[in-house]
Amino acid sequence: MTATILIVDDQYGIRILLNEVLKKEGYETLQAANGPEAIHLAKERNPDLVLLDMKIPGMDGIEILKRMKAENPDIRAIIMTAYGELDMIQEAKNIGAIMHVPKPFDIDDIRKNVKDHLTH
């Protein structure tokens, strides 16, 4: 069965890049530009993994992750942020994020991390 990955980022270019790379790896992808879209897709489609940007206008990644975890405690998320905000990263990990990827990211690192966390 093909794994489904939800990409949550307010930057269109990043969503498209991750979408193309992950589709080439054989994954089904879903995209959300904001918190309400992300929460709706997570609830409706139950993705195997979420790539979640922490800095999204309106509803930040922490709030999105909290709401996803409230709906599905087993949901797995890798957080992405361009900011070295250690408090935010730690809070996300305390909520249940499985790891942190700094932006700008190396696309090969994303590929490897996605593969590693989908096989565990």
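In which loop does Asp9 lie? Select Asp9 to begin, and you will find this residue in the loop between S1 and helix H1 (12–24), where helices (H or I, at least four residues) and strands (E, at least two) are DSSP runs numbered from the N terminus. Before going further, note that this is a predicted model, in which local features need pLDDT of at least 70 and side-chain atom pairs count only at pLDDT 80 or more, while totals for chains, interfaces and linings use all residues. Residues are numbered from 1 along each chain as its sequence is written, and side-chain values use heavy atoms, with hydrogens and water left out.

Stay on Asp9, which counts as buried at 0% relative accessibility; buried means under 20% relative accessible area, exposed over 50%, and partly exposed in between, with a 1.4 Å probe and protein chains only. Now show the side chain of Lys103, with which the side chain of Asp9 makes a polar contact at 2.7 Å; such a contact is a pair of N or O atoms within 3.5 Å, where within protein one must be able to donate a hydrogen and the other to accept it, and residues adjacent in sequence count only if both atoms are side-chain atoms. A polar atom of the Asp9 side chain also lies 2.8 Å from the backbone nitrogen of Gln11.

Next select Asp53, which lies in strand S3 (residues 49–53) and is buried, with a relative accessible area of 2%. UniProt, in an unreviewed entry, places the feature "modified residue: 4-aspartylphosphate" at Asp53; UniProt positions are given in the numbering used here, feature names are shortened, and annotations may be inferred rather than shown by experiment. Not counting residues up to four places away in sequence, Asp53 touches several residues, among them Asp9, Thr81 and Lys103, contact meaning heavy atoms within 4.5 Å.

From Asp53, widen the view to the sheet, an open one in which five parallel-paired strands follow the order S2-S1-S3-S4-S5; two strands pair if DSSP finds at least two bridges between them. Strand S2 (28–32) and strand S5 (99–102) stand at the edges, each with a single partner strand, so one side of each has no neighbour in the sheet. Within the sheet, S3 and S4 pair over four bridges, and Leu51 stands opposite Ile78 in S4.

Finish at helix H3 (residues 61–71), where the buried residues include Gly61, Ile64 and Met68. At the start of H3, a side-chain oxygen of Asp60 reaches to within 3.2 Å of the backbone nitrogen of Ile62.
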